[in-house]
Amino acid sequence: MIEIIENSIKIKLLETFKNYEVESFPADFENFKFFSHNGCFLVRYEGSKIAEQHTVVAVKEDETYNFTVFMALRYLKRHEEVYEKIKDLKKALNGLPILNKRLRITSIDYEDVLDGDLWYSTGLTITFPLSDNYSDLSECSEIIGKVQSIKQAI
C-alpha cells in the first residue's frame with residue numbers, strides 16, 4: 001500500500017510540475033543534490049496510525065498513512081514567489097484519488113534555506129481499511145454463518 005500511495009503522489013507531481021525533479025526522499029539527504037534549474041520534490045513515508053479495533057470476531061480497522069512532500073525551489077529572491085507553487089501543489093494533491101480514497105493535506109511549512117534553495121514541506125494523509133487475512137474460528141462466527149445460511153434458505 002505504501003508504494004502505491006507514494007507512486008501516485010510522484011506521478012501527480014510529475015504531471016503538474018513538468019520541469020522539476022520528483023524522487024523518493026534519499027537515505028543520505030546531507031549529500032543529496034538535484035540538477036533541475038527550477039527545483040525538486042521529494043516524497044517520504046513518515047509512518048502510519050492504526051485506529052482502535054471496533055469488532056469482536058475479526059480484525060478490521062482503519063490505517064492512516066502519513067507522507068511528507070518536500071519542495072525545493074531555486075533562484076527565488078523573496079518567499080512570496082513560492083505562493084503560486086504552493087497553490088499549484090495544493091490543487092494537485094489535496095483530494096487526489098488513490099484506490100477510491102482521497103489524499104488530504106494536513107500542513108504546509110517553511111523548512112529552511114539550503115544552498116540558496118527555499119525548502120517547504122507538505123504533510124499528507126490518506127486512510128484505508130485494514131483487515132486480517134485469517135479465517136474467524138470463533139463460536140460467534142460459526143453462529144453468524146448458520147444464521148446467514150438459514151436466511152438464504154428462506
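Strand E7 (residues 117-131) is largely enclosed by the rest of the structure, because 11 of its 15 residues are buried (under 20% relative accessible area with a 1.4 Å probe, protein chains only; exposed is over 50%, and partly exposed lies in between). Helices (H or I, at least four residues) and strands (E, at least two) are DSSP runs, numbered from the N terminus. You are looking at a predicted model, in which local features need pLDDT of at least 70 and side-chain atom pairs count only at pLDDT 80 or more, while totals for chains, interfaces and linings use all residues. Residues are numbered from 1 along each chain as its sequence is written, and side-chain values use heavy atoms, with hydrogens and water left out.

**The sheet**

- Five strands form an open sheet with mixed pairing, in the order E1-E2-E3-E7-E6; two strands pair if DSSP finds at least two bridges between them.
- E1 and E6 are the edge strands, each pairing on one side only.
- From one strand to the next, the twist averages 25 degrees (axes are lines fitted to C-alpha atoms, for helices over the stretch in contact, and angles run from 0 to 180 degrees between N-to-C directions).
- E3 and E7 run antiparallel and are joined by 14 bridges; here Phe67 stands opposite Leu124 in E7.
- E2 and E3 are also antiparallel, with 11 bridges, and Gly39 stands opposite Leu73 in E3.
- H1 packs on the sheet and touches E1, E2, E3 and E7, its direction making about 35 degrees with that of E3.

**The hairpin**

- Nine bridges join strand E6 (residues 104-114) to E7 in an antiparallel pair, and Asp109 has Ser121 as its bridge partner in E7.
- E6 and E7 form a hairpin with two residues between them, and Asp115 in the turn has a positive phi of about 55 degrees.

**The nonpolar cores**

- The largest nonpolar core has 27 residues, and Ile9, Leu13, Phe41 and Leu93 have the most contacts inside it. Such a core is a set of buried Ala, Val, Leu, Ile, Met, Phe, Trp, Tyr and Cys residues joined through side-chain atoms within 4.5 Å.
- Helix H1 (2-16), E2, E3, helix H2 (83-93) and E7 each supply at least two residues of this core.
- Apart from this core lies another, of seven residues, including Phe32, Phe34, Leu42 and Trp119.
- Leaving aside neighbours within four places in sequence, Leu93 is in contact (heavy atoms within 4.5 Å) with Ile9, Lys12, Leu13, Val69, Leu103 and Leu124.

**Aromatic rings and charges**

- The structure holds 12 aromatic pairs. Rings of Phe, Tyr and Trp (its six-membered ring) pair if their centres lie within 6.5 Å; planes under 30 degrees apart count as stacked, over 60 as edge-to-face and the rest as tilted.
- Phe29 and Trp119 make an edge-to-face pair, because their ring centres are 5.4 Å apart and their planes stand at 85 degrees.
- Phe29 lies in the loop between strand E1 (21-24) and strand E2 (39-50) and Trp119 in E7, so this pair ties together parts that are 90 residues apart in sequence.
- Phe29 is partly exposed at 22% relative accessibility, whereas Trp119 is buried at 5%.
- A cluster linked by ring pairs takes in Phe25, Phe29, Phe32, Phe34, Phe70 and Trp119.
- The charged end of Arg44 sits over the ring of Phe25, 4.5 Å from its centre (NZ of Lys or CZ of Arg within 6 Å of the ring centre and within 35 degrees of the ring normal).
- Arg74 lies over the face of Phe34, 3.9 Å from the ring centre.
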